Amino acid sequence: MTDEPVRFPTRIALILRDDLEPWQSVNVAAFLASGVAADTALLGEPYVDADGTEYLAIFGQPVIVWEGDGEVLQGVRARAVTRDLRVSVYDRRMFGTTHDAANREVVAASAGVDLDLVGVAVHGPKNAVDRILKGVPRHR
């Protein structure tokens with residue numbers, strides 16, 4: 001085991017609305033992270049405890065969380081799309097749905113600039129992600 005810091009070439013960023021209830025923040029973060037996790041190359045190896053019980057693999061790099069209002073989230077979404085970064089979104093209306101197909105219908109009903117974003121996830125080259133997040137505060 002090594003404690004040497006690892007420099008990752010990419011960054012996983014979640015940007016959440018700053019006015020969400022705690023349960024909403026956790027829910028949105030989980031859904032957004034699952035979108036990024038669709039790229040299984042980002043997952044590490046499965047975990048195994050001393051008893052031999054195997055657990056699911058998780059991201060092999062840190063996930064950093066930022067926050068902002070709707071304008072900030074729209075700006076992040078627009079800049080990420082323009083730079084061809086991988087993006088997942090969570091529209092406020094998705095809180096009222098109960099399944100994935102309904103969530104996709106919510107997103108499909110609006111142009112990107114009209115989404116009522118409460119969360120955005122971005123994955124891409126570290127420098128590109130850092131540039132689109134310039135001035136966005138870390139989640140507190």
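**View 1. Helix α3 and its neighbours.** The buried residues of α3 pack against α1 (22-37) and β5; contact here means heavy atoms within 4.5 Å. Helices (H or I, at least four residues) and strands (E, at least two) are DSSP runs, numbered from the N terminus. In helix α3 (residues 100-108), the buried residues are Ala-102, Asn-103 and Val-106. Seen down the axis of α3, these buried residues fall within an arc of 105°, so they line one face of the helix; the arc is that of the directions from the helix axis to the C-beta atoms. Glu-105 and Ala-108, on the other side of α3, are exposed. Buried means under 20% relative accessible area, exposed over 50% and partly exposed in between (1.4 Å probe, protein chains only).

A note on the model: this is a predicted model, in which local features need pLDDT of at least 70 and side-chain atom pairs count only at pLDDT 80 or more, while totals for chains, interfaces and linings use all residues. Residues are numbered from 1 along each chain as its sequence is written, and side-chain values use heavy atoms, with hydrogens and water left out.

**View 2. The open sheet.** Four strands form an open sheet in the order β4-β1-β6-β5, with mixed pairing. At the edges stand β4 (63-68) and β5 (86-91), each with a single partner strand, so one side of each is left without a neighbour in the sheet. Two strands pair if DSSP finds at least two bridges between them. Strands β1 (residues 10-17) and β6 (residues 117-125) run antiparallel and are joined by seven bridges. Look for Ile-15, whose bridge partner in β6 is Val-120.

**View 3. Helix α2 and its ends.** Across β1, β4, β5 and β6 lies helix α2 (residues 70-82), running at about 30° to β6. Axes are lines fitted to C-alpha atoms, for helices over the stretch in contact, and angles run from 0 to 180 degrees between N-to-C directions. The buried residues of α2 include Leu-73, Val-76 and Ala-80. After α2 comes Asp-84, whose phi is positive, near 60°.

**View 4. Around Val-120.** Here is a residue of strand β6. Val-120 counts as buried because its relative accessibility is 0%. Val-120 touches, among others, Ala-13, Leu-32, Leu-73 and Val-87, not counting residues up to four places away in sequence. Val-120 and Leu-16 are 104 residues apart in sequence, yet 6.6 Å apart in space, C-alpha to C-alpha.
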